[in-house]
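Have the sequence and the model open as you read.

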Amino acid sequence: MSDTRRRVKVYTLNEDRQWDDRGTGHVSSIFVERLKGISLLVRAESDGSLLLESKISPNTAYQKQQDTLIVWSEADNFDLALSFQEKAGCDEIWEKICQVQGKDPALDITHDPIDESEEERFEEIPETSHLVELPPCELSRLEEIADLVTSVLSSPIRREKLALALVSEGYIKKLLGLFRVCEDLDNREGLHHLYEIVRGVLFLNKAALFEVMFSDDCIMDVVGCLEYDPALVQPKRHREFLTKTAKFKEVIPITDSELRQKIHQTYRVQYIQDIILPTPSVFEENFLSTLTSFIFFNKVEIVSMLQDDEKFLTEVFAQLTDEATDDSKRRELVNFVKEFCAFSQTLQPQNRDAFFKTLANLGILPALEIVMGMDDLQVRAAATDIFSYLVEFSPSMVREFVMQEPQQTDDDVLLINVVIKQMICDSDPELGGAVQLMGLLRTLIDPENMLASTNKTEKTEFLSFFYKYCMHVLTAPLLAAHDRNSKDLQEGSTKINPVCPDNFQTAQLLALILELLTFCVEHHTYHIKTYIMNKDLLRRVLVLMNSKHTFLALCALRFMRRIIGLKDEYYNRYIIKGNLFEPVINALLDNGTRYNLLNSAIIELFEFIKVEDIKLLIAHIVDNFYEALESIEYVQTFKGLKGRYEQEKDRQSQRLSRYRRDARSIDEDEELWFNDDDDDDDDADAVEKSQIDDDFADSYGKYMEAKKGAANGATNSVKAAAIPPASPAATANSSSALAVKTVTLPATPVMKTARVGLVDYPDDEDEDDEDEEEEEEQTPRKRARLSS
């Protein structure tokens, strides 16, 4: 029992004046030696870690709100709150705080923090001035009351004293009674004073006052007072809106009267804060912090109470997925679930986790498939918001659901395909819904938030699913644009840009799709590469370079730039084989001398190729397009490409020469060495030289005869091809003369037919890859062609 009573949630107020949940644990008040005083300690219920350690300081102002909240400030702009599960636990800790500070536990606040100037003034106040003395609550004293309330707002201590006086004397209800009298008498001056009084009381920022003012029997009179702003010629009709226009719709009857009252109260207080009260100035920002906290904790309580009512939620989702439910009823149910999800954002992380798992178990995702396909725009918008909550909370949960769908349904009604179709069919000229859905799709296909399990990876499974069942739906508009263009060209269309969607909305849609595909190129290496190759997707995308909408042409160019940026050999060969630089270069030339973003982006593409020295692409560009580009001299990019090309050509030539020298036959080297050795020995002794020459002639003649016998066949044919055609005189020479002639031939013509040309062009490599067997069979003939 004690554990439940002491169970709390710890909240801190962030810079945006919103409460951040720091966790759930159990609170205790014990003496901490290090802090030298009684302190509040909260240890997490999950792991026992310390969530909060706060010394109860005598000068700290603590407030008890709504029976289960204790709120205080520890430093400038650092507010803390403990939300208790049970009232008894809150009362117990509150008594301990009051005991340390020497305060009366019956009060809901100890005291406000005091700055130095206030402290000096406070010391001068006689002890008898315990509370602010309020004028009698009469019509004739309304102006005096208004002046009093306005005057105390600048002083924390006087605000506190006035709040205590208003609560202790039941003054609020007396003022609201005067309001009804003034309205019956149409006393505009009195009504204007009451506006100032009620507005000032709200700015006192005290929870005890809010409990009175926002009770069922007082809140509508408070709203009535706030209708009579002196700055307005005619009063607003807020009460009429709240009672007649704003209808509370119970999609499923709520049997809990406390829950119903809490929902009404929260809606009306939110209306007061957002609609009625003027936007606070810089000096008034903190005046309504307690009002914000009041709304926040009300929402937490509503979600918790609804979530605990299992029958209620079960009935909601049963009707939502029931085919017999009419459209208007389903619209109300969807709006309820949307608001329910919005309220859930106030829950702490572990409770929010349980909340969304509950929705998933009740069938929220199948229900979304139904409602997102409805014609009602409001329903589709609400369903999109619900889907965004689910994706933001747990992309893996959504992915797990959609991967199970193909076993049960057709491709057309898969949840992701429904989302893609909603994006494509968005009727909004600005494509607001499409942009939102594209962001959700991007989150779902982002490998960064995909989890890997022990025996299988979510990334591999989901991406395989997406490219098999969904990618064709996403790219359908792009492929349709290309097909229209091809048909126009076949029919001889005279349009300047036969392709491209002249419709701005369609162009925006294609730009969104291209943005998503560009993301895929960066993050889905294997799957997107296979899809691009199989569908020839880049060629179809580059059709959009002709668009009159420059932003769309830039999107197509960005898609190609990402592909080239990968420096992938397969992509490079695909681009070369399809001659896919042509539409880009045409766009550059059509752009003329205009110095704009399109011009810069295209030049950056070629500059990247030059800097990264992508040899295949450089050779292709220079061979096929340099004549068209060499006139562009305001940048050195294309001359640089030509320079890179020439450097590579020279390197290939040098490498070829070295290869020729190294590949020269060993026999020929030996013969040349022997001949050079004979020349070096010319000055030797004549007798010795003559004997050596005779020995050499005999041995060399035998060596050559044996060599010719062994090399008869293939070798002779190669050498015959390598030796230039002999003259008639040479033909008549003896065999020994022919041998000498063969030895003295230079190396270059010998190897010429056996090696390729100076530059290794990608086209030749493609032919080699496609016809490997033919190459083996026809090597002599093919090499002769390459050397020509």
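## A charged network

Start with Lys 64, Lys 87 and Asp 91, which are joined in a network of salt bridges. A salt bridge here is a side-chain nitrogen of Lys or Arg within 4 Å of a carboxyl oxygen of Asp or Glu. By that rule, the count is 31 salt bridges.

Before going further: this is a predicted model, where local features need pLDDT of at least 70 and side-chain atom pairs count only at pLDDT 80 or more, while totals for chains, interfaces and linings use all residues. Residues are numbered from 1 along each chain as its sequence is written, and side-chain values use heavy atoms, with hydrogens and water left out.

## Bridges between helices

Arg 180 and Asp 221 meet in a salt bridge, 2.4 Å from N to O. Arg 180 sits in helix α6 (residues 171-185) and Asp 221 in helix α9 (residues 219-225), so the pair ties together parts 41 residues apart in sequence. Helices are DSSP runs (H or I, at least four residues), numbered from the N terminus. Arg 180 is partly exposed at 41% relative accessible area, while Asp 221 is buried at 14%. Buried means under 20% relative accessible area, exposed over 50%, and partly exposed in between (1.4 Å probe, protein chains only).

Glu 301 and Lys 262 also form a salt bridge, at 3.6 Å from N to O.

Note on methods:
Helices (H or I, at least four residues) and strands (E, at least two) are DSSP runs, numbered from the N terminus.
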